[in-house]
Amino acid sequence: MRDLLLLVLLAGTLSACGGGESVADASAGDSSSDDTDDTDDTDDSDDSDLTEETVIEALGNGTGADFEEGAIASSEDYVLVGGSVTLTIDGVDQNDSNSSLTSDSYYYTFTSDCSLGLFSIASSYTSTGSVSSTYRNKGCSGGDTITATLYSDASSSTELATATVFVSTDYPSLGTDSGISFTEGQLEGDLEISDEDSTDLSVNIVNPLSSNALVTDDSYIIEWYSDCADGEFSVSRETNSDGTFSTSYNADYTTCPGDNNLTLLLFGDTDTECSLTDTDSCYVVMTSVVTVEQGVEPKLGVLDDDEFYTELLVNGIRESEYGDDPTSENVSDELKLSAGGTMLITANIVDDNDDDNLATGTTYGVSLESSCVEDGTATLDSDEKTTTTGTVTFTYTANGCLEDAFSANLYSVESGELATQLNDDEVTGIIFIQSAEVGAITFTSVSEPYISLKNIGDAVLPKQSTVTFTVVDKQGEVVEGQEVSFELTNTTGGITLGSGEVTDSDVTDSGGQVTAIINSGTSHAVTSVRATTETSDGTSISTTSQAISITTGIADQDSFDIAVDIFNPGAYATNGTEVSVTVYAADQYQNPVADGTVVNFTAESGTIESYCVTTTGTCSVTWYSSGVRPGKHEASLDRVNEIDPQGRVYDGFIEDSDCVSTVCGMTTITAYTVGESSYTDTNGNGTFDVLDDTGAEPYVSYPEAFRDDNWNEALDTNSDGQVVEAFFDFDTDGAYDEAPTVFQGLVCSDSAINADTAGESHCDSLMHVRDSIRIVQSYAEAPNMRFYTYDGTSYTEISGITLGTSGEFYVLLQDWNGNAPANGTTLSVEGDGYEIYGSSGTVSNSIGLLYGETYNGLATTGLPSYGMLYNVSFEAEDEPESISVTATYGDLENSVIFLTP
């Protein structure tokens, strides 16, 4: 039937070639044709019916307008041996706009020129008009042509259509790196190993058809082989995953010496025939050589005259060269290191497998220990060193050591650090050092420059002090084992050395130091220690320590003082203004009280730090303005404060009724600590005595301390007899105690302690030494200005001044409570046409007390009790105009008064 259709088709084609219309034209018709053509039209119509049923088969890629005749679609244009590509062929009817052949009678086949090219589908029927097959390259290289053929059915040998494609083919390559850096036939890794070492090896599989890109197809397998039966691979067979095959090769020099020939076989996952004995089925056979050498057997010791000894070379001498039982006494000075000298300690690393030649090229580490370095009488430039030359040298310096022993160990090195110890037994050496020649003895330190009298209970000062001296040789290095004798320069009151005597001796330690202990006596004194030693030639050399004071270390009343840095702070209506308060405390002998003495503080107003701790007899706290100011407390509290001695008769400008008579802002600050009252040491023995002929030495006793808020030198009470000023109950009996009739202190002699004092005893107790100071809290603003004249006996306030050709007047500055203006207030006087003389500038740092005082030698009668007074003199010039008087506080406010003729 198909033969008949072909014949009909051929006849139609010949008819068309003979001048008839084309099939397409016949199928479409032509309405404009002449009537004379009717016979031809009838014939053509018959031909059209024939061609609509005719199929023109073709093979290619795609369908419709995208159809490419004779082409096979391939997923890649190359395929490695062991790899595959996907092929697709489409059958179309060219007589039906290249539509797919949907008849299931068509038979499709795939063939290749290379017999080792295999297809997943070599032939197939399909009703879709499209067939896909996987081409597997099982050994084709140099390229392969693949042909697809279309048949009417499987039994037909007549080809209806064909299509072809050429694919590049080749074997994969093994080597290092990839891309342009790829080197075929090489392994990555160290191809030389020693002894029982191993080496990490790797090889890459690349595609030479794709710019040597790494192959990641998991259809490739590699196997590693060695011609040494005892050579071992950590991974001997591996399936590809990322293009790199890795393994570790281990071989022992004993069983695999020299060149170990390695073979790598690459094959596909279905190619089981590939083996060392049958490599025809292998994709790649690669060989390489790993050389196994005899390793280094390192030993630590020293090469001396080309002979190896398991010893250290110390200062050019091996330990065995000293003979049997060497000691500092039987070793000659020629073999000893000089005192304080420097030397070298040398060690070698040799290869026991190479006739004890130096082990070079490998990094080894050596550690060195020294008994004198450990105790600080010698130094090493380093206690660990590394080398690649087989030789290591340490630099050693003696520093008081007389005999030293060394031990060394050998290590492997990892990341620059000593790692595994390689030797079983330490390698040793010794050195003997000459005794130093004494060059000098020097005072080094004293632990306590002040110590307490031994017969008093002092919680702060110790009763002993340690003095240290250092002996050095002529090179300035410390000398160990040198005898030093000690002697006190003053023994008043029974001062002794640690031995209980006034002399003592000891020997220097490894640091060249020697110490003497001083025990205090019973009276105030100053002493020191004289240290003496002998040089090598018998000459005595000496030095003396710093002085040590034996004292009470506690404050006495007439050596206790308080001070402030500002007496008139701008603090009355301002919180947080600061005043530094400092105490100075010394003992009966005017020596600073012991460091660590605690001093307490209290203030009538504001905030003050509760205590400070002395250093060299002084310490400070800070007072801050805050709270209710003095003079402003509630009346029901019965508080007291200074009363103006003149009743404020001169201060009518004060507006605050509370401050009309009292001195508002006047603040008392008190400091106190435990100490002694005062006495006069008439016989100079450093203690308070009751003498047989004259009785007790002069002394003062004191009542309990209190804060005198109204500065009247008495403890005030209210109408009910209750105390209204703070007092400090020394004996904690809940009552204020007046002064006793005995001396309050520590430094009493037996005669004083045993004296008949009517039930009381001298030195039975201590007391609070105390001191108080006043500050005035002034307004922090420009002050009030007042003008006065002086007639020779008193001052008179004036409301105005008529300026003549010359004259003088006085300016009084006060704050608005009638007190001294705040610290920092200034007065300036300037004349326009007048020459100005007299005083001006910053107000003095004081509470500004005028009453009962003098100013420039003149009485202050007629002036208020407090303020700052200035004298101004003037002389007119050619054209006098005015005088301006300005009072300023800070940058905020000022008061200006102009005076005119």
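Q: Is Cys140 buried or exposed in this model?
A: Burial is read from relative accessible area, and a residue under 20% counts as buried. In this predicted model, Cys140 has a relative accessible area of 1%, so Cys140 is buried.

Q: Which residue is joined to Cys140 by a disulfide?
A: A disulfide is read from the distance between two cysteine sulfur atoms, which must be within 2.5 Å. Cys114 is the partner of Cys140, with an S to S distance of 2.0 Å. Cys114 is buried too, because its relative accessibility is 17% and the cut-off is 20%.

Q: What is the handedness of the disulfide between Cys114 and Cys140?
A: Handedness is read from the torsion about the S-S bond. For Cys114 and Cys140 the torsion is about -95°, so this disulfide is left-handed.

Q: What do the torsion and the location say about Cys372 and Cys401?
A: The torsion about their S-S bond is about 50°, so the disulfide is right-handed. Cys372 is in helix 4 (residues 371-374), while Cys401 is in the loop between strand 33 (391-398) and strand 34 (403-414). The pair links distant parts of the chain, 29 residues apart. Cys372 and Cys401 are both buried.

Q: What is the handedness of the disulfide of Cys748 and Cys763, and where do these residues lie?
A: A torsion of about 85° about the S-S bond makes this disulfide right-handed. Cys748 lies in the loop between strand 59 (699-700) and helix 5 (750-753), and Cys763 in the loop between helix 5 and strand 60 (767-776). The parts tied together are 15 residues apart in sequence. Both cysteines are buried.

Q: Which residues does Val165 touch?
A: A contact list is read with close sequence neighbours set aside. Not counting residues up to four places away in sequence, Val165 touches Ile72, Ser74, Leu87, Asp144, Thr145 and Ile146. Val165 belongs to strand 12 (residues 159-170) and is buried, at 15% relative accessibility.

Q: Which backbone atom lies 3.3 Å from a polar atom of the side chain of Ser219?
A: Here the pair of atoms is read along with the surroundings. The atom is the backbone oxygen of Gly82. Ser219 is in the loop between strand 17 (213-214) and strand 18 (220-226), and is buried at a relative accessible area of 11%. Beyond its neighbours within four places in sequence, Ser219 is in contact with Gly82, Phe267, Gly268 and Asp269.

How values were computed. Residues numbered from 1 in each chain as written. Predicted model: local features only at pLDDT ≥ 70, side-chain atom pairs only at ≥ 80, totals over all residues. Heavy atoms only, no water. Buried < 20%, exposed > 50% of the residue type's maximum accessible area, 1.4 Å probe, protein only. Helix = DSSP H or I, 4+ residues; strand = E, 2+ residues; numbered from the N terminus. Contact = heavy atoms within 4.5 Å. Polar contact = N/O pair within 3.5 Å; in protein donor to acceptor, adjacent residues only side chain to side chain.
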